[in-house]
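Thanks for sending this one over.

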Amino acid sequence: MPGDSSRLSVELPPGIAVPGEDGSALARREHAERSHAYRSSFARDSDRILHARAFRRLAGKTQVFTRLSFDPPGDHFRSRLTHTLEVTQIARTLAGALGLNRDLAEALALAHDIGHPPFGHAGEKALDGMMRAYGLSFDHNLHALRIVTWFEERAPAFRGLNLTLGVREGIVKHSRDYTAAEHPELREYFLDQRPPLEAQLIDLADEIAYLTADLDDGLDSGILTLDQVREGVPLFRDVHDAVRREFPAAPRKLAIYEAVRGMQDALVTDLLRNVHARVVDAGAATLADIRQIPARLVALGEQMEAGRATAKSFLYAELYNSPGIEEVHAHAAMVVEELFAAIAANPRLLPEDHREQIPTEGLARTVADYIAGMTDSYIEQTWRRCKT
């Protein structure tokens with residue numbers, strides 16, 4: 001079984017890790033602060049994200065299943081918050097094994113979904129569609145940056161969380177690249193360079209976390225059957241077969257849990273080995289080297305990548321776009337679109353602090369900011385009030 005092998009040695013040259021010392025370039029903050037006696041700058045960033053109101057609201061936002069209290073299947077399925085915590089665990093494991101900066105990886109993992117609107121990806125797609133009508137767009141990574149640099153108010157000395165440059169860069173670039181031509185406001189985030197490996201890890205940590213967790217929740221919900229998953233996800237089937245050989249008397253549910261755990265372990269182990277091999281092949285020995293390599297180095301090996309892609313295609317076909325979930329997505333889109341239109345037509349529906357932003361941010365962006373901050377249950381309540 002995965003996890004039972006001898007100690008894996010994949011540590012990278014120490015110069016590749018982002019330095020954790022206060023005063024280093026990526027530990028710089030927009031507003032200068034005194035160093036802390038026993039916490040690194042990136043550890044302090046993790047704490048600030050963890051205590052942010054936007055982070056707490058993730059508990060009320062969809063991962064796959066809606067978080068509405070009256071809507072089955074129940075409270076033991078993942079929310080956006082519990083998903084984030086699972087990503088954080090994987091990111092810390094990856095960074096630690098590779099000898100990278102675990103505090104930075106943790107901060108980026110905690111922040112990676114903080115900009116998501118209610119109703120998961122269906123909500124984001126609907127909100128982006130409404131913004132397109134105004135010649136704008138909605139991107140949850142860029143909204144996360146707005147949250148940590150402006151919307152969160154936790155200190156009397158400055159707006160936002162005053163996070164380090166390294167965390168802000170990773171929030172922007174962990175899952176995709178931006179160009180200065182399209183986003184001149186992001187110039188300070190080294191748009192012509194690759195992000196550090198700590199940031200590159202987050203996208204795959206996210207992918208590994210949701211692929212395995214969504215299989216788990218899909219099976220628990222009854223939307224997916226064990227035979228379906230074994231047929232459609234060879235990576236799961238191989239691990240599940242190994243579990244049944246090792247634990248022939250194990251109850252069905254426990255064998256599934258062990259197989260999901262083993263699948264996650266197999267993905268993480270392959271990723272560690274492949275990142276190490278790609279860094280060695282590239283001849284990289286410093287963070288500056290990583291930044292200049294044209295392609296990102298965090299990727300799965302060819303065989304495991306094929307298994308990942310097959311699992312993802314299966315989940316889209318059989319879970320995310322299944323009839324029951326599609327109905328939820330359609331309802332989510334309707335709620336977001338109708339509420340956006342109602343508020344845009346009558347800005348007095350906005351709270352006063354949001355109305356004050358219209359002259360500088362514009363009406364559409366202000367409405368999007370307001371809706372993006374809502375939980376699933378709050379947007380439903382607000383939408384119903386606007387309809388009466």
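**Notes on the predicted model**

1. Let's start with helix H1, residues 41-50, which is mostly covered: 8 of its 10 residues are buried. Bear in mind throughout that this is a predicted model.

2. Next, the inside. The cavity count, with 30 Å³ or more as the cut-off, comes to 1. The volume of the largest cavity is about 30 Å³. Its lining is made up of Ala 54, Arg 57, Lys 61, Ile 114, Gly 115, His 116, His 143, Ile 147 and Ala 372. Two elements, helix H2 (53-57) and helix H6 (140-151), each give two or more residues to that lining. By class, the lining residues split into 4 nonpolar, 3 polar and 2 charged.

3. H6 comes up again in a helix crossing. How do the axes of H6 and helix H17 (residues 363-372) meet? They come within 12 Å and cross at roughly 90°. An angle of 65 to 115 degrees counts as roughly perpendicular, so H6 and H17 are roughly perpendicular to each other. On the H6 side the contact uses His 143, Arg 146 and Phe 151, and on the H17 side Arg 365, Asp 369 and Ala 372. Sorted by class, this contact has 2 nonpolar, 1 polar and 3 charged residues. For anyone clicking through the model, His 143 and Ala 372 take part in this contact and also sit in the lining of the largest cavity.

4. Now a look at His 174, in the loop between H7 and helix H8 (197-221). Is His 174 buried or exposed? Buried means under 20% relative accessible area, and His 174 has 5% relative accessibility, so it counts as buried. Leaving out neighbours within four places in sequence, His 174 is in contact with His 112, Asn 141, Ala 199, Ile 202, Asp 203 and Arg 296.

5. Asp 203 belongs to helix H8, and with a relative accessible area of 28% it is partly exposed. How far apart are Asp 203 and His 174 in sequence and in space? They are separated by 29 residues in sequence, and their C-alpha atoms are 6.2 Å apart. If residues up to four places away in sequence are not counted, Asp 203 touches His 174 and Ser 175.

6. Last, a pair of backbone angles to check by eye. Phe 119 has a phi near 65°, a positive value in a residue other than glycine. Phe 119 lies in the loop between H4 and helix H5 (120-132), and at 5% relative accessibility it counts as buried. Phe 190 also has a positive phi, near 55°. Where is Phe 190 found? It is in the loop between H7 and H8, and at 25% relative accessibility Phe 190 counts as partly exposed.

Terms used:
Residues are numbered from 1 along each chain as its sequence is written. This is a predicted model: local features need pLDDT of at least 70, side-chain atom pairs count only at pLDDT 80 or more; totals for chains, interfaces and linings use all residues. Side-chain values use heavy atoms; hydrogens and water are left out. On a 1 Å grid over the protein atoms alone, a cavity is a set of points where a 1.4 Å probe fits but cannot get out, and a pocket is an open set with protein on both sides within 12 Å along at least five of seven lines; lining residues have an atom within 4 Å of a point. Grid points are joined across faces, edges and corners, and a volume is the space filled by probe spheres set on the points. Helices (H or I, at least four residues) and strands (E, at least two) are DSSP runs, numbered from the N terminus. Ala, Val, Leu, Ile, Met, Phe, Trp, Tyr, Cys and Pro count as nonpolar, Asp, Glu, Lys and Arg as charged, and the others, Gly among them, as polar. Buried means under 20% relative accessible area, exposed over 50%, partly exposed in between (1.4 Å probe, protein chains only). Axes are lines fitted to C-alpha atoms, for helices over the stretch in contact, and angles run from 0 to 180 degrees between N-to-C directions. Angles under 35 degrees count as roughly parallel, over 145 as roughly antiparallel, 65 to 115 as roughly perpendicular and the rest as oblique. Contact means heavy atoms within 4.5 Å.
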